Amino acid sequence: MFQNRAEALALALPAAIFAALVFIVPVLLLLSEGFKVAEQWTLSAFVDFFSQPLNRTVFLRTLKLGAMVTLVAAVIGYATAYAIVSLPAGAKGRMIGLVVLPLMISPVARTYAWIVILGRTGIVNQALMAIGLTDEPIRILFTETAVFIGLLQLFLPLMVISLISALENLPRDAVPAARVLGANWFQVFWKVILPLTREGLVVGGTLVFTGSMTAYITPAILGGSKVLMLETLLYQQVTVANNFVSASVIAFILIIMSVAANILLKRIATARNRT
Amino acid sequence: MKKLLYLSAAAVVLAAGSAQAQDKTLTISVYAFAQDEFKEILYDPFEAKCGCKLVVETGNSVERLAKMEANKENPVVDMAVVSMTDALSAARTGLTDKIDTSKLTNFDKLYDIAKDPNGDGMSVGYTFYATSIAYRTDKMKIESWADLLKDDVVSHVAFPNVTTNQGPPALYMLGKALGSDKPDLKAAIEAVGEKKDEIVTFYVKSSQLVQLMQQEEIWAAPIGRFSWAPFTKLDLPIAWATPKEGQTGGMNVMVVTKGSKNQDLAHEFMDFWLSTEIQTKLADALVDSPANSEVKVSDEVANNITYGQETAQSLKLIPSDVALDNRDAWLSEWNAEVGQ
């Protein structure tokens, strides 16, 4: 398309300079705080961070919730996306609209709605009591379960949309062909659908995992300080303890975990492809 | 050469002109709350009175203090309002100057606790609030701060997080009720830690509590008086407790920046803010409880703010040096006992 590389690079230059100046340089400056203690380059801030039991608990909880939300979103996402892709064009458009709709509502409003739904007198507890599963309201709010539900609802649309576009590129006769050749549904999914839609899974998985780990409002409102996550801990370090070194360490960990999740998901996807 | 002379003369004139214009500008740093009311009641009338321009910077106290620290050599802000504790912290780091109370005609009208809250002459209180327990009278009786941790009550309690303004005062009173008066709050934090699974939540924003109370998620919570009004509008039997250990609370104060070139104007503004007229208007609008003892308000207003000589005298505030010297220890103790 271009006469030479230089021409292409020249076109990309303004955007590159902009990104470098207002994004990359400030982020690097911010992160460098975590590696500098008393003007010395060192990893001691990281050692300090992980030496505290609370920080380890929060780190593992964030990782666990992120992984669980991603896994469940993938399972529900595949089923939903497959059902939507199989619909006729008009209905498909309407269903995609419904999937996207929650994204247009502020996460704050959506999260507050969960307080009503998951509360002692909320619809979930009323239903549980009506069918006799429990005598008195169970506590869901301000637990890991509440944060899990909130995050899943928040990020599921991103997974569904990624998978819909991936499934649309799946050759129409691939699934029937596999069925005719005697594969059961599990084999169809594992050997045909998953390898052919791995790009969508990687994109959706990265978005959901990164989003779950870096979400602030949902864990803050549905979990509170009883269910601290890395992001709420970061906020606490900045606004209360005024500890920017520790905050930089957390920010660095969050970035590394996001990149690692992306690499890992790509690995998993390509590994399946080789078999 | 002549040209150069003209130029430098012009520069001098310009510089003088801008310096003069600067004399007539006062930059203040305040909490980002109720700014519409403040503009109408305080800022606009003051601008009209002094013939000067008021520049208002807002934000939470951590960012505002960080900014003052960064501009220490060349202060931008002339006066700021912060919490009592933050005022002591700013005084210790040399960010503020002594307040010249002889320039404050309304100083003598202030309640005693507001006159010199930190005892260092570096700040003057302009509003204070009580902290006690809002609770459902049909579900429980609160006679002591320790009642919050009773078995039949604790699973319906929201307790303030240690990171909020209400956290340390509530823990301080709980400690008193448990028989410990130590500034490390250890006894209280341990007692809360033991019940952490039963306590509904450790809240960060008091605005959330109204919804939790309405949904019957909680029956009681320690709160600041400034967030009391919405509870009285719920169709539920909710009362403001008067525990036998007393009520606690907090105070916000005014400070003058060290090296500010507008200290006279800053004092004029502070005096205006402390005047009976302005303090009455701010109280009537339920913005700030008055620190001026001459302010008279209706019973309805009084019920929604922290008001009166008796209340002012009964407040057991945590001394600023105790709060400042123990803040980090409280947080790590809390994180170890409650946070996990």
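Visitor: Over residues 96-119 of chain A, how much of the chain is helix and how much is strand?

Guide: Helices (H or I, at least four residues) and strands (E, at least two) are DSSP runs, numbered from the N terminus. Residues 96-119 of chain A are 71% helix and 0% strand, with end C-alpha atoms 30 Å apart. For comparison, residues 12-31 of chain A are 100% helix and 0% strand, and their end C-alpha atoms lie 26 Å apart. This is a predicted model, in which local features need pLDDT of at least 70 and side-chain atom pairs count only at pLDDT 80 or more, while totals for chains, interfaces and linings use all residues. Residues are numbered from 1 along each chain as its sequence is written, and chains are lettered from A and ligands numbered from 1 in the order in which they are written.

Visitor: Which feature does UniProt place on these spans of chain A?

Guide: The unreviewed UniProt entry gives "transmembrane region" for chain A at residues 12-31, 65-84, 96-119, 140-164, 201-224 and 244-265. Such positions use the numbering here, feature names are shortened, and annotations may be inferred rather than shown by experiment.

Visitor: How many residues does each chain give to the contact between chain A and chain B?

Guide: With contact meaning C-beta atoms, placed from the backbone, within 7 Å, chain A gives 19 residues and chain B gives 19 residues. On the chain B side, strand E7 (201-203) and helix H15 (320-337) are the elements that give two or more residues. H15(B) provides the largest share, four residues. By class, the chain B side holds seven nonpolar residues (Ala, Val, Leu, Ile, Met, Phe, Trp, Tyr, Cys and Pro), three charged (Asp, Glu, Lys and Arg) and nine polar (the others, Gly among them).

Visitor: Where is H15(B) kinked?

Guide: A bend is the angle between axes fitted to the seven residues ending at a residue and the seven starting there. In H15(B), a kink of about 55° is centred on Asn326(B).

Visitor: Which residues of H15(B) are buried?

Guide: Buried means 20 or more other C-beta atoms within 10 Å of a residue's own (12 or fewer is exposed, in between partly exposed; C-beta atoms are placed from the backbone). In H15(B), Ser320(B), Ala323(B), Trp330(B), Leu331(B), Glu333(B), Trp334(B) and Asn335(B) are buried. The buried residues of H15(B) pack against helix H3 (53-85) of chain A, and against H4, helix H7 (167-177) and helix H8 (186-194) of chain B.

Notes: Contact = placed C-beta atoms within 7 Å.
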